[in-house]
Amino acid sequence: MGEMHEIAIDETLPKPELYRQLCEAADALTAGERDPIANMANVAALMWQYLPRINWAGFYRVDPAVDKGELVLGPFAGKPACIRIPFGQGVCGTAAAGGKTQLVEDVHAFPGHIACDAASNSEVVVPIFRDGRVIAVIDIDSPETGRFDAEDAAGVEALAARIATRI
Ligand code: SME
């Protein structure tokens, strides 16, 4: 199917409304497709296009072949990134191990932060759950210190919940 998706989101909207529209667009883009890579790729592209002042947006997936817990790079937009992150390491590994959103105002103050792009100064990482387990995380980075707040965390959590069964 070569169906085109026309999506227009005003990125100057207040955050709750911006994320609501982003969730709707992600829902529409992933509804008819069962391939997880295709769905994550389109959601990464959506975040990249509509979230202002960011330099990386994408997914790390839990690698089921690694017993002690490890994330492996998934679809994203931005510069090439670290491929594997053990549970408990860096911001992504902390979110995955504890199953908790990490809102980091200044990544340089986060113990064990993994710097993939030196331009990153703040970051939000949200775990994605399926059947009660973390299956992936969404990671968004910004060159601006303190770029992400509780509204971003809530918005990305809503997005994660919306696509959890489609990735
Ligand atoms: N900063 C992350 C690593 C991933 S990248 O920034 C894309 C971390 O500390 O987990």
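The ligand in this predicted model is surrounded by 13 residues, the closest being Val 91, Cys 92, Ile 114, Glu 123 and Asp 141; a residue belongs to these surroundings if one of its heavy atoms lies within 4 Å of the ligand. Local features need pLDDT of at least 70 and side-chain atom pairs count only at pLDDT 80 or more, while totals for chains, interfaces and linings use all residues. Residues are numbered from 1 along each chain as its sequence is written, and side-chain values use heavy atoms, with hydrogens and water left out.

Three of these neighbours can be followed atom by atom through polar contacts (pairs of N or O atoms within 3.5 Å). Cys 92 places a backbone N or O atom 2.8 Å from an oxygen atom of the ligand. Glu 123 has a polar side-chain atom 3.1 Å from a ligand nitrogen atom, and in Asp 141 such an atom lies 2.9 Å from a ligand oxygen atom. Taken alone, the ligand exposes 310 Å², and the protein buries 99% of that (areas by the Shrake-Rupley method with a 1.4 Å probe).

Helices (at least four residues) and strands (at least two) are DSSP runs numbered from the N terminus. Strand E1 (56-62), helix H3 (90-98) and strand E6 (133-142) each give two or more residues to the shell around the ligand, with the largest share, 3 residues, coming from H3. By class, the shell holds 8 nonpolar, 2 polar and 3 charged residues; Cys counts as nonpolar, Asp and Glu as charged, and Gly as polar.

Where is the ligand placed? It sits in the largest cavity, as more than half of its atoms lie within 2 Å of the cavity's grid points. A cavity is a set of points on a 1 Å grid over the protein atoms alone where a 1.4 Å probe fits but cannot get out, and its lining residues have an atom within 4 Å of a point. The structure holds 1 cavity of 30 Å³ or more, and about 120 Å³ of space lies in the largest. Among its 14 lining residues, Cys 92, Ile 114, Cys 116, Glu 123 and Asp 139 are closest to the centre.

Terms used:
A polar contact is a pair of N or O atoms within 3.5 Å; within protein, one must be able to donate a hydrogen and the other to accept it, and residues adjacent in sequence count only if both atoms are side-chain atoms. On a 1 Å grid over the protein atoms alone, a cavity is a set of points where a 1.4 Å probe fits but cannot get out, and a pocket is an open set with protein on both sides within 12 Å along at least five of seven lines; lining residues have an atom within 4 Å of a point. Grid points are joined across faces, edges and corners, and a volume is the space filled by probe spheres set on the points.
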